[in-house]
Amino acid sequence: MPSMKALVKIIAAVMPVAAAALEHTSTTAQIRLAYHGNDGMTVSWNTLKHVKHPKVHWGLSEDNLNNTASSDVSVTYPTSTTFNNHVLISGLAPDTTYYYLPSPLSVKCKDARRRPYSFTTSRRTGDQASLSVAVAVDLGTMGSLGLSTTAGNGVSPNNVLKPGEKNTIDSLTSSLSGYQFLWHPGDIAYADYWLKEEIQGYLPNTTIEEGYRVYESILNEFYDEMMAVTATRPYMVGPGNHEANCDNGGTTDKAHNITYNSSICFPGQTNFTGYKNHFRMPSDVSGGTGNFWYSFDNGLVHFIQLDTETDLGHGFIGPDEAGGSGGIGADPVNATMDAQTTWLKADLAAVDRTKTPWIVVAGHRPLYLSHANDSTFCSACHDIFEPLFVEFDVDLYLSGHAHVYERLAPLGLNGTVDPAELNNPTSPWYITNGAAGHYDGLDSLQSPRNPYSRFGLDTHDAVYGWSRLTFHNSTHLTHEFVASNNNTVLDSATLYKAHG
């Protein structure tokens with residue numbers, strides 16, 4: 001087996017340089033929002049140069065941005081073509097619409113306008129009004145660098161878009177009035193598919209040395225596309241395996257009998273570096289850790305984002321850590337022993353169910369699914385998270401990772417179906433929706449599905465989609481699978497919980 005340095009020379013010989021043709025210069029500011037408690041909003045955007053003091057002008061009127069918030073946070077990393085600017089606006093009223101304009105915006109930004117954007121703050125904790133949330137997992141770049149009407153060798157014809165078919169970003173954009181924020185628990189952009197897409201003949205070939213340009217161009221393209229949503233709706237994210245490094249832990253070129261590993265990744269394309277720089281989730285106000293685990297309230301609901309990729313604690317090695325099953329080799333993100341589980345128990349124990357009767361948890365990997373591949377699951381989560389879900393009466397666990405949709409029954413420990421089903425169960429409800437769409441599309445559910453399965457869609461159905469959660473009141477929650485191609489609802493189920 002040749003060394004990785006030799007492999008780089010081989011690939012350089014067989015793949016002519018064409019990175020310049022693929023390099024994408026951001027044409028929007030990649031503006032994105034994130035809740036920061038009930039009274040704050042973090043505004044983030046990208047510029048082509050470092051900004052000493054990024055600012056956001058804001059106010060209650062589009063014509064009178066009479067307030068200014070600023071920071072000294074303008075960060076980048078090796079291989080990045082942009083700087084990530086983050087500014088917190090605090091002291092806001094709950095459930096209130098504000099207008100804002102970041103400054104500066106890149107001169108190359110086609111949306112570098114003087115007309116402000118807008119956002120609405122979260123509902124006050126305990127607000128009884130109905131609340132709707134969009135959830136998309138495993139959502140990649142659309143168009144010429146990702147999911148489109150064509151694909152490379154080895155991609156199922158079921159998984160490409162039909163001519164004129166709307167994709168998930170289109171659907172989320174056209175449905176903006178129907179949800180308060182977008183939750184994306186992992187696998188964002190799929191920039192680490194760049195080498196796979198080249199090997200399969202979908203993208204022009206480049207060298208390993210120039211591959212970082214393609215990786216960064218896919219990231220920039222995705223965040224540009226998402227700005228149609230994220231400039232007006234908070235974009236709450238969690239870590240997935242495709243954020244961890246530049247080639248998802250290994251890519252094989254069968255034609256040349258070469259398998260690449262993370263040693264081809266440049267500094268800045270390992271250890272979730274881009275993910276850490278690009279977002280600012282509210283962990284500082286919820287006691288969590290970075291963009292990896294945190295919680296927040298919105299009206300009737302306490303939302304929790306978990307990290308199923310690293311920091312599982314209790315002697316378990318996360319799948320994306322050094323020695324983990326994913327072959328990715330990332331470092332833990334918190335040096336404190338059992339930090340995530342200790343935090344989760346304390347966070348759950350502190351929830352006031354008279355104010356936020358609903359508790360919804362998201363993690364990238366499922367605990368249960370009709371899927372035969374063991375690497376799909378967060379097996380350790382059964383030991384470290386699931387007992388806490390049951391103890392503290394978590395209502396719903398959302399996941400993706402498997403590129404399918406499956407709605408399960410509420411399940412007790414060891415996958416025991418709760419006999420109450422959706423009529424006031426005492427066990428958590430499990431739903432996996434990894435069908436948002438990316439370059440090589442959907443996976444298959446096993447057949448027959450597991451006894452706890454209640455509805456499923458996979459590659460045979462050839463439909464992409466996202467989830468909409470509607471918390472009607474303190475006792476009724478509806479989950480819908482929304483088909484991206486026409487915004488129709490293909491599956492709907494309502495959970496009743498008495499909540500004391």
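The numbered points below take these topics in turn.

1. This is a predicted model, in which local features need pLDDT of at least 70, side-chain atom pairs count only at pLDDT 80 or more, and totals for chains, interfaces and linings use all residues. Residues are numbered from 1 along each chain as its sequence is written, and side-chain values use heavy atoms, with hydrogens and water left out.

2. The largest pocket has a volume of about 740 Å³. A pocket is an open set of points on a 1 Å grid over the protein atoms alone, where a 1.4 Å probe fits, with protein on both sides within 12 Å along at least five of seven lines; lining residues have an atom within 4 Å of a point. The volume is the space filled by probe spheres set on the points, which are joined across faces, edges and corners.

3. Its lining comprises 36 residues, with Tyr193, Lys196, His242, Asn248 and Asp440 nearest the centre. By class, eight are nonpolar, 17 polar and 11 charged.

4. The structure holds 31 aromatic pairs (rings of Phe, Tyr and Trp, the last by its six-membered ring, with centres within 6.5 Å; planes under 30 degrees apart are stacked, over 60 edge-to-face, the rest tilted). Tyr275 and Phe292 form an edge-to-face pair, 5.4 Å centre to centre with 80° between the planes. Both residues are buried (under 20% relative accessible area, 1.4 Å probe, protein chains only).

5. The rings of Phe385 and Phe389 count as stacked because their centres are 6.5 Å apart and their planes at 20°. Phe385 and Phe389 are buried.

Methods:
Nonpolar A, V, L, I, M, F, W, Y, C, P; charged D, E, K, R; others polar. Buried < 20%, exposed > 50% of the residue type's maximum accessible area, 1.4 Å probe, protein only.
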